[in-house]
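Here's a quick briefing to read with the model open beside you. Have a look around first, then work through the points below.

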Amino acid sequence: MVHYTTVATCALNQWALDFEGNYQRIRESILQAKALNARLRIGPELEIPGYGCYDHFLERDTVQHSWEVLGRLLEDRSLDNILIDTGMPVLHRNTRYNCRVIILNGKIVLIRPKMYMANDGLYREMRWFVGWTKQAQTEEFVLPRFIARMTGQRSVMFGDALVSTDDSCLGIELCEELFTPESPHIAMSLDGAEIIINSSGSHHELRKLKRRVDLITEATLKCGGIYLYSNQKGCDGDRMYYDGAAMVLVNGELLAMTSQFSIADVEVQVATVDLGAVRSFRAAIASRSMQAARAQTYPRAHAPFALSVELVDFDNSIRPTDPIPARYHTPAEEINMGPACWLWDYLRRSGQGGFFLPLSGGLDSCSTALIVHSMCRQVTAACKRGDQQVLHDVRQCVGAAAGPDYVPESAQELASHLFYTCYMGTENSSKETRARAAHLAKAIGSYHVDLNMDTVVSAIVALFTLVTARTPRYEVHGGSRAENLALQNIQARLRMLLAYLFAALLPWVRGRQRSVLVLGSANVDESLRGYFTKYDCSSADLNPIGSISKADLRKYVAYARDQMKLPVLDEFLEAMPSAELVPHSETYAQSDEVEMGMSYEELSVFGRLRKIEGCGPYSMVTHLLHIWGEKLTPREITDKVKRFFFYYSINRHKMTTITPAYHAETYSPDDNRFDLRPFLYNSSWTWQFKAVDDLIDRIEQRETSAK
């Protein structure tokens, strides 16, 4: 016999410490799940306070307010008759745990603490929480008195247990536990857990979603069972974007998945699954049954509730959910949607009126502008669908000037209210970059300003000359390297000052009430190499491309050209990357890659080896000797690696003040939390470079002897 049940997972756009908003989104998701006839609803990790509270988890108020929100859920009788999984921090015997709380009809069934903390990359969970180390063991948890009065329970089960219903059994694992070699779902499945629920706070990185889907697919193929995965979505106040993709899988097949990128605050996905199919799948595998017969026994917390109907209530109108193929976005699509959703969350939650971008006519600022255009496209589409939350937010952002019933007509029309761009030219700027900036601004609808700032640059130089009686010159005019860099940096830093000036006053000029946020556009490779001026236009409020490589940005611009029908982008793809900070002539033009002494492609390789592979100078050389050995000599490879580490080390201090950037790449040099390094190095790398030189000497001697 079949035993159908409808289950619901969701992706919620929670916000750290927004207890009221978080409560409303949790409640709405439960009501939507009930309306879709779901008997079980799961939500994201730490959904009550928001995953990104960070050191606020150390505050007693965060725990207290989480209990208060849970209390409101417990008291709400409209949330009865569905098994609910939610998440919050819990203090048990003066120790803080990251917990799932299972509730049913106003009572707490189980509090299950997380066992294995995420504590690498961007994650620092062990700073705030302790993992539960007592596998398949529970303790008594005495409830706060006001919760006890609501539920009529003095205490509940706390620990690593299963939840048994009248017709099935649930196991719980949290986020990182899925990624561990000995995932809890294995032992739980062998002990009879037919449904595994996983509540996650997993952030977006390019090309990452497939790993999640593969892990869950493998888990349900090997163990059998129903697997519900829930994930947070959106920007909850930091550099990360949580990319949703909540899903339901059964016996190795994907049945349902929410969108990976969306500006909707609440997404609920249901699937109708057959508990009988799980039992048949498992019983057919003899080796699995042998292991199950000797499996560890878990304590069970009973929920007096049935997920499926009894035989006497058999309903032949129920239809099971059919499997679907997984949908993976290309990196260009991910760049188009993820940072755009992140920007929208930041804009609406910060209470600002839009964005200001110095538009240089180069590929990087072009990419940032396109991401804002993508944001406007997504917001416009949501408004036309009648999304009331998005309509409310967009009216707040554009202000009274657009009217109380404003609905954007197009992405370009919305951009005319929200997006300011400015070309800041000097005598070193080319007419080509000025024209490209103007053409792009027109195509995407931004409010565009074109200015020359030569008088401001000249005033700064004149002041220096007045004080010192010396006039600095560019290197091409006979000046020193110090003079050349100083003159370039004057232009770069003045652009930052002008960006904030115009961001503050252009809305005022147009009669708008809200100020706007300044956007930066330095890519991950330039940050790694330090190829930017400290406190120039890389200094902004936000940078949507700060951890995206130049190679991926080129692919993105090509994608946008075709998908958004913007032929003007051909001009950007064909242009040579140049800072345009020194005089140019028919025989000389400033080139980024020439000045850096390495290509953007090489920088990506260096970055991945340094961060992902954990290579210092010696390991990097030995690795590249195998990879680049056919096109470069050992000495040429060594020189490139030395050049990279020299410039990386003398410029690392710049990363301490770099603009907060959307996290998208695994080799990001973000100094805030992802890539923790000193910013004062011995840039001669004496010991390391000597070891490299000794290796190359031996290789060259061997090659000479072989001849």
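A residue is called buried at under 20% relative accessible area, exposed at over 50%, and partly exposed in between (1.4 Å probe, protein chains only). Keep in mind that this is a predicted model, where local features need pLDDT of at least 70, side-chain atom pairs count only at pLDDT 80 or more, and totals for chains, interfaces and linings use all residues. Residues are numbered from 1 along each chain as its sequence is written, and side-chain values use heavy atoms, with hydrogens and water left out. Helices (H or I, at least four residues) and strands (E, at least two) are DSSP runs numbered from the N terminus.

**Two residues with positive phi**

- Trp685 isn't a glycine, yet its phi is positive, near 45°.
- You'll find Trp685 in the loop between α22 (634–651) and α23 (686–706), and it's buried because its relative accessible area is 11%.
- Asn94, also not a glycine, has a positive phi of about 65°.
- Asn94 sits in the loop between β3 (83–92) and β4 (95–104), and with 77% relative accessibility it counts as exposed.

- β9 covers residues 169–174, and six of its six residues are buried.
- Cys169, Gly171 and Glu173 point one way from β9, while Leu170, Ile172 and Leu174 point the other way.
- Two strands pair if DSSP finds at least two bridges between them.
- β8 (residues 162–164) pairs with β9 in the antiparallel sense over two bridges, and the two form a hairpin with four residues between them.
- Val163 has Leu170 of β9 as its bridge partner.
- β10 (residues 195–200) pairs with β9 in the parallel sense, over five bridges, and Glu173 stands opposite Asn198 of β10.

**The second largest pocket**

- A pocket is an open set of points on a 1 Å grid over the protein atoms alone where a 1.4 Å probe fits, with protein on both sides within 12 Å along at least five of seven lines; lining residues have an atom within 4 Å of a point.
- The second largest pocket holds about 520 Å³ of space.
- It has 19 lining residues, and the closest to its centre are Asp120, His203, Glu205, Lys208 and Arg211.
- α4 (176–179) and α6 (209–223) are the elements that give two or more residues to this lining.
- By class, the lining has seven nonpolar, four polar and eight charged residues. Here Ala, Val, Leu, Ile, Met, Phe, Trp, Tyr, Cys and Pro count as nonpolar, Asp, Glu, Lys and Arg as charged, and the others, Gly among them, as polar.

Methods: Points joined across faces, edges and corners; volume = space filled by probe spheres on them.
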